Amino acid sequence: MLLLQGPSQSIRVGGESRNLSKMLSEKLKPTQANIVQRKYRDFNYFVQDNWQRVWVMALWIGVMAGLFTYKYIQYKNRAVFVVMGHCVCMAKGAAETLKLNMAIILLPVCRNTITWLRNKTRLGVAVPFDDNLNFHKVIAVAIALAVGIHAISHLACDFPRILNASEEAYEPMEQFFGDDQPSSYWWFVKGWAGVTGIIMVVLMAIAFTLASPWFRRNRVNLPKPLDKLTGFNAFWYSHHLFVIVYTLLVIHGIKIYLTHDWYKKTTWMYLAAPVILYAGERLIRAFRSSIKAVKILKVAVYPGNVLTLHMSKPQGFKYKSGQYIFVNCAAVSPFEWHPFSITSAPMDDYVSVHIRTLGDWTRQLKSVFSEVCQPPPTGKSGLLRADFLQGENNPNFPKVLIDGPYGAPTQDYKDYDVVLLVGLGIGATPMISVVKDIVNNMKAIDEEENSLENGEMTSLPSNASPLTTMPKKKPVGQSGRHNNFKTSRAYFYWVTREQGSFDWFKGVMNEVAEMDYKGVIEMHNYCTSVYEEGDARSALITMLQSLNHAKNGVDVVSGTRVKSHFAKPNWRTVYKRIALNHPNSRVGVFYCGAPPPVKELRQLASDFSHKTNTKFEFHKENF
C-alpha cells in the first residue's frame, strides 16, 4: 500500500509507525520502583494471568486440608490416641487425602470427558482444561507425599508403640489387634493391610520413577539390559500397574485395623465414580477404534526420521484443527496407543499425522511402514513413499487404528482476532492444520459472500451452522455459516534446526502461499543451524537466497515459496510488531515443541498484555 501513496503520505505513515514503536519501547522499559511495589505488581500480574489455576489449586488444597484436619481431630479423640499418639493422627489424615487424590488423579486423563466439556460447555472460561496433564502430575506428587507420611507414621511410630505398650495401656487396643498383644514387627507386616500396603508402595515407586522426565525421555544412560527401563514404552507399561494398585487399595481399605463398621471404610466410596468413568473411557476407545477402521492412503518417509501417514476419514469422524488422535499399530504393539497432532484440516477428505521417530515404538512403526515403501517417482516428495491407487496392485500396509479426536489448546484459535502460531521442529504439526484451516475458512467465506451477493445458496462444509438470515452482504468473518470464525490475521513461525525438515510440509506451505491471496497468513521459516542474518559467515547463502527468491519465487533453503530466516527469532521484536499492527486486539499465542522457549514466550505475553492495549494469551500443548 505504501507504494501507491504519495511521498508526503508515505513519510507521514512511516513517521507515525516509528513514533508508535518508540512509545511502545518506552512503555516496556523496566520502571523504577521499590521492592514492595515490584512484588505487589508481580503478584497482581500473576493472579490476572493465572486466576483459573489459582482457584482450582486453592479449592484442591483447601479440600485436602479439611479432610486431613477432620481425620486428625477424629483420631485424637479416640482411645487409640493414648497408645499411638499423634502418629496415628498423621497417618489417618494422610490416608484421607490419599483416598481423595487416588480418585481425582483419574479425572485429568479422562480425555473424552474433557474434550466434551471443552466443546459443548462454557466451563473452559473458568476451568484450565489445557493444564489437565500438569494437574495430573501435581496430584501424583501429593500422592507420593501422603504415601510417605502414612507409611512412615505407621511403620516407624505406631507399630513400635503398640509393641512396647504396657498391658494396661494395650487393653483399649484389644478390639482391633486381638487379646494377645503382638510380640513382633512381623505380626503387622504379614497381615492383609501390611502386605497390600508394601506392594502398593513398591508398584507406585516403580511407576513414579519411570514416569519422571529423566527416564521417560531417555535422559538416563543405563547399560543393557537395564536400558529397557527408559523411554516411553517403559513409562506406558509401568503406568498400567495402576490396575493392580487400585485393586490392592480397595483391599487395603477394607482390611484396615482400626475400623470395623463397613460404612466407615470409605476407600471404595471415593474411588467408585472416577474408576467407573475411566473404565468407560477405555471401553469407548476400544469400541470406537474397532468400528472406525481406517485405510492407509499414503505413506512417506522424510529427512529427519519423520513418517507421514495419510488415512481415510472414518464415517462421522469430525475434528477441529489443533486436536490430536491416538494411533495404534498391531504390527508394532497391539496394546500401545500413542498421541499425535492431526496435520490435515477439517475440510480435507483424509486424516494425516506426521510422526518423528524419538522412541522405541515410533522407531518400529517407521520400520514396518518403510518395508512397504519405495523411492518416490519423479515429482513426488519423500525419501521413501507408497500410495494407495484405486484398482491397482497396492502395497500391503500394516493395520492402523485411530481413536479420537481429543481436545487441545490450539483448537481454540478461532476465538481470537489474531493468532501467533509457534512450532519448534515436529511441534509445527498442530499449527500446520490451523494454517490450512484458516485458508479454507477464508476461501469458504468468500464463496459464501459471493453467493449471497448473487442471491444464491451454495453448499458449504457440513461443520458450519445453517443460514438464518435472508441473503445479504455481511462483514467478513460473520457470514452465516462461519459466524464463529473470528480470526482475521495469523503469524506462523516454524523454527527447526535441520534444513531437511522443511520437506515435511513443503506441499502445505506452497499451497497456503498460493491460496492466501489476501495475505491473511504471514509465514516465517527459521533454520537455526545457519548463522543469523547479517553475520559474515552466512552472507553468501543470504545473497543467493535473495536472488533466487526474487527470480523464481522459491526459497533455496526450504524449497518452498516461504522465505527462510537464519538463527532464532527475536521474540520480543515479534511481539512488538504484532502489538503495533493490532492495537486493542486479543492475540492467541499457541506453542508446541520443546520446553526451552516456553518461559520467554509466556513472559513476553504477560509483559505486552499488561503494558500495551494488545492482549496476548499464551497456550502450550501438553503431551
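In this exercise set a residue counts as buried when its relative accessible area is under 20%, as exposed when that area is over 50%, and as partly exposed in between. The structure is a predicted model.

**Exercise 1.** Decide whether Asp 348 and Lys 436 are buried or exposed, and describe how their side chains pair.

*Solution.* Begin with accessibility: Asp 348 is buried, and Lys 436 is buried as well. Next, look at the contact, where Asp 348 and Lys 436 form a salt bridge whose closest N and O atoms are 2.8 Å apart.

**Exercise 2.** Find which parts of the chain the salt bridge between Arg 118 and Asp 412 ties together, and classify each partner by its accessibility.

*Solution.* First, the side chains of Arg 118 and Asp 412 meet in a salt bridge of 3.1 Å, taken from N to O. Arg 118 lies in helix H5 (residues 111–120) and Asp 412 in the loop between strand S7 (400–406) and strand S8 (418–424), so parts that are 294 residues apart in sequence are tied together. Then compare each value with the cut-offs: Arg 118, with a relative accessible area of 13%, is buried, whereas Asp 412, with 25%, is partly exposed.

**Exercise 3.** State how many salt bridges a search of the whole structure finds.

*Solution.* The search of the whole structure gives eleven salt bridges.

Definitions and conventions: Residues are numbered from 1 along each chain as its sequence is written. This is a predicted model: local features need pLDDT of at least 70, side-chain atom pairs count only at pLDDT 80 or more; totals for chains, interfaces and linings use all residues. Side-chain values use heavy atoms; hydrogens and water are left out. A salt bridge is a side-chain nitrogen of Lys or Arg within 4 Å of a carboxyl oxygen of Asp or Glu. Helices (H or I, at least four residues) and strands (E, at least two) are DSSP runs, numbered from the N terminus. Buried means under 20% relative accessible area, exposed over 50%, partly exposed in between (1.4 Å probe, protein chains only).
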